[in-house]
Amino acid sequence: MLISKITWILFISLCVFLIPAQLASLDPQTSINQYVLNEWTRENGLPFNSITGIVQTKDGNLWIASSRSLCKFNGIKFTSLHRFNVDKAEYSKITSLNVDSRYMFWGGTHGNGLFQFKNDLFEFYSKKNGLACSYINCLFNDMKDQLWIGTDEGFLDCLIDKSKITFKNYINKLNFPIYSLCEDSKGNLWVGTKGDGVYKFQNNDFLKLRNPHYEKYNVFSICEATNGDIFFGTNFGLLRYNGERITIFGKDQDLSEQRINVITEDSDGNLWIGSTNGLYRVRKTETEVNTMDSSMAGIVINSIIEDREKSIWIGT
């Protein structure tokens, strides 16, 4: 069997598809099961076995969060957060990470609000600073460099001025927890909820997207593809919205039977899909998924990002 030169490194709960210097990106014609597998254990420094978020900061370091910890990875070693100026109680429930267009590093917590990492220091912002709710589920940075914050109490907050830390609060009258956020290429903000599907936030109002397949469903991830289609990762599988109607995507691969936790499009337009039963990739040229390839069967995928060198990092 032909083995690709691209290497797949597994850290028990963190893995990466590495790109050799002579290649521009992962070859979409190569099955992800053909990559060489290298494995690390917790003994190699990864301080936890369940990842909730991964981001890359301007210096090239990866920051990796779990529900109860945070660490930095410089490509060689992991550095746990206890070396920084943070009380463990402050970051014990990290739910999401975000790096904005200026490479400012933000994190959301369940109970301790929003934090920013700047100049090797962590600053926390909560209700006393203007947040509507300190229980944060998701973060998204829009084209205007505003940070949107989805909360567990259904509030949608927006950090409209990062220098002065000024928040604007929007109230979702339906009071469903907000699980996911995404801005499309037209500037529309899409809001995924727990139990009530998808809304478009427009003119300070929440407009429900009608779904002929399911009335009540959870939306854990939202991603716009290069062609303008919007994908929703739900507890009923993967859904696609083409601007007119919602269709169930990936029936032949049993995606409709799985919970989809994360969807990411890489720089070549391929979709990477993390589910409760492994990893899937949809090539850019495919309009259907009958040739979708998969890997890591039986493993729950929680996070997927592409770094600046076009390697794909996956947290489980």
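Is Y179 buried, exposed or partly exposed, and what is its relative accessible area? In this predicted model, Y179 has a relative accessible area of 23% and is therefore partly exposed, since the buried class ends under 20%. Its aromatic partner is F220, and the two rings are stacked, with 5.5 Å from centre to centre and 20° between the planes. F220 has a relative accessible area of 14%, so this residue is buried. Y179 belongs to strand β16 (residues 178-183) and F220 to strand β20 (residues 219-224); the pair therefore ties together parts that lie 41 residues apart in sequence.

The ring of F220 has a further neighbour to look at. The charged end of R259 sits over this ring, 3.8 Å from its centre.

Turning to the structure as a whole, a search finds 21 aromatic pairs. One of them joins W148 and F201, whose ring centres are 5.8 Å apart; the planes meet at 70°, so the pair counts as edge-to-face. W148 is part of strand β13 (residues 147-151), while F201 is part of strand β18 (residues 198-202), so this contact ties together parts 53 residues apart in sequence. Both W148 and F201 are buried.

Aromatic rings also come together in a group. W63, F105, F115, F117, F122 and F124 are linked into a cluster by ring pairs.

Methods
Residues are numbered from 1 along each chain as its sequence is written. This is a predicted model: local features need pLDDT of at least 70, side-chain atom pairs count only at pLDDT 80 or more; totals for chains, interfaces and linings use all residues. Side-chain values use heavy atoms; hydrogens and water are left out. Rings of Phe, Tyr and Trp (its six-membered ring) pair if their centres lie within 6.5 Å; planes under 30 degrees apart count as stacked, over 60 as edge-to-face and the rest as tilted. Helices (H or I, at least four residues) and strands (E, at least two) are DSSP runs, numbered from the N terminus. Buried means under 20% relative accessible area, exposed over 50%, partly exposed in between (1.4 Å probe, protein chains only). A charge sits over a ring if NZ of Lys or CZ of Arg is within 6 Å of the ring centre and within 35 degrees of the ring normal.
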